[in-house]
Amino acid sequence: MSTTPTRQDFDQYMMPNYAPQSVIPVRGEGSRLWDQDGREYIDFAAGIAVNALGHCHPALVNALESQGETLWHLSNVFTNEPALKLAKSLVERTFADKVFLCSSGGEANEAALKLARRYAVDHHGEHKDKIISFYQSFHGRTFFTVSVGGQPKYSQGFGPVPGGILHADYNDLESVRRLMGDDTCAIVVEPMQGEGGLIPADPDFLQGLRDLCDEHGALLVFDEVQTGVGRTGKLYAYQHYGVTPDILTSAKALGGGFPVGAMLATDEVATSLGLGTHGSTYGGNPLASSVALAALEFIDTPEVLEGVQERHALLREHLERINRKHGVFSDIRGLGLLMGAQMSEAWAGRAKDILPLAIEEGAMALVAGPNVLRLAPSLVIPEADIDEGMARLERAIERLVAQG
Ligand SMILES: *Cc1c(COP(=O)(O)O)cnc(C)c1O
């Protein structure tokens, strides 16, 4: 006899590496979700900046259903049409000439790091192995990517960490210059730190990184796993800055909820990912590729991208209005629909306390570290859902303030 799963089943059957909220959503449509009891929520979390077209968007459902009836999987012993179409589409829309497909952001970054190291070996020699990244950055959970990431709590306690990795201060070019040398292989950076607290790069900083890389024969890698695919109001955030990387990674919104990742590079660099150097059984899976192509084509239009900027302005108005009343934020920032509200000093460390209250009020949000409330809704969330969801979020904040 099958019974309905409960939140207690999580504690009984699943490894304790997560602590999910108490409700279990069972259905989604657009920017609304319903839980097991039929309670409805407005979704400002979007699966951590993944469901870029909301839940069950018809364009993605159609792509998945028609591919699901055609061809599911081949492996890379064969290529397939959806993967080829997706790669071509990514190349046509970006600086890149070549694409490696995989299934997640961590995998895309793992591929980028291996490629950067291999390129340095091919062109300069084994000694050129230093990877510079930034404190508070997040690049995934594989051992290489947590080590490159700037949050030691994610890489410590697992034995010896991969070597040759240095960390600098974000938005502080001097701190990078001090670490830079002829042994620098690559700089890895998020154009806006996501998990690290929604901190956009200063334009001079990104341009400075580009110049330092050019001076020292190092590669510039942009991790756009969170900022990519329309999230900031451009297809990729680098397009706001006019600074072009050598390698770019993409995932999250790329599949709109279907697991997919991509690593993009110039021809010159891609040559080093030669035959047999890297691989993935699921990379370029036809189902994933079909959905990603549909997401990419839907999102990369003036209507959707301009709509992101309009929704940004509306969300900002709501956050500012809430703050005028309750004074809980010291800063409201972000690009497009990746927005953060920094908790003021009196509420330091309390961002996560808003989330369960918001759920009780019928809204889902995120945090980025202990001090930042993060909103990353669907790029096509209806304005009425923003208004209603922010009214619910405000009630949650009211209750936090009342509790003290
Ligand atoms: C989420 C994220 C990753 C990791 O992606 P996964 O799909 O969880 O492996 C890497 N980099 C950034 C910037 C992210 O936000």
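**View A. Aspartate 214 and its partner on the helix.** A polar contact of 2.8 Å links the side chain of aspartate 214 to that of arginine 210. This is a predicted model, so to speak a computed picture throughout. Aspartate 214 sits in helix H8, which covers residues 203–216. For a sense of scale, take arginine 392: 178 residues separate it from aspartate 214 in sequence, and the C-alpha atoms of the two are 49 Å apart in space.

**View B. The shell around the ligand.** Here's who lines up around the ligand: Ser104, Gly105, Gly106, Asn109, Phe138, His139, Gly140, Glu190, Asp223, Val225, Gln226 and Lys252. Sorted by class, that shell comes out as seven polar, three charged and two nonpolar residues. Helix H5 (residues 105–123) gives the largest share of the shell, with three residues.

View C. Zoom in on the glycines and you'll find a backbone N or O atom of glycine 105 at 2.8 Å from an oxygen atom of the ligand. On its own the ligand would expose 390 Å², and the protein buries 82% of that.

View D. Lys252 is one of the residues around the ligand, and UniProt, in an unreviewed entry, lists it under "modified residue: N6-(pyridoxal phosphate)lysine". Where does lysine 252 lie? Look in the loop between strand S11 (247–250) and strand S12 (261–265). Setting aside neighbours within four places in sequence, lysine 252 is in contact with Ile48, Ala49, Val50, Glu195, Val225, Gln226 and Val260. Val225 and Gln226 turn up in this contact list, and both also belong to the ligand's shell.

**View E. An open sheet of four strands.** Reading across the sheet, the order is S13-S14-S17-S16, and the pairing is antiparallel. Strand S13 (329–335) and strand S16 (366–367) are the edges, each pairing on one side only. In general, strands of a sheet pair through backbone hydrogen bonds, parallel or antiparallel.

**View F. Where S16 meets S17.** How many bridges join S16 to strand S17? There are two, and S16 and S17 (residues 372–375) run antiparallel. Pick out leucine 366 and you can follow the pairing across to arginine 374, its bridge partner in S17.

Notes:
Residues numbered from 1 in each chain as written. Predicted model: local features only at pLDDT ≥ 70, side-chain atom pairs only at ≥ 80, totals over all residues. Heavy atoms only, no water. Near = heavy atom within 4 Å. Polar contact = N/O pair within 3.5 Å; in protein donor to acceptor, adjacent residues only side chain to side chain. Areas by Shrake-Rupley, 256 points an atom, 1.4 Å probe, with all protein chains shown as cover. Nonpolar A, V, L, I, M, F, W, Y, C, P; charged D, E, K, R; others polar. UniProt positions renumbered as here; feature names shortened; annotations may be inferred. Contact = heavy atoms within 4.5 Å. Pairing = 2+ DSSP bridges.
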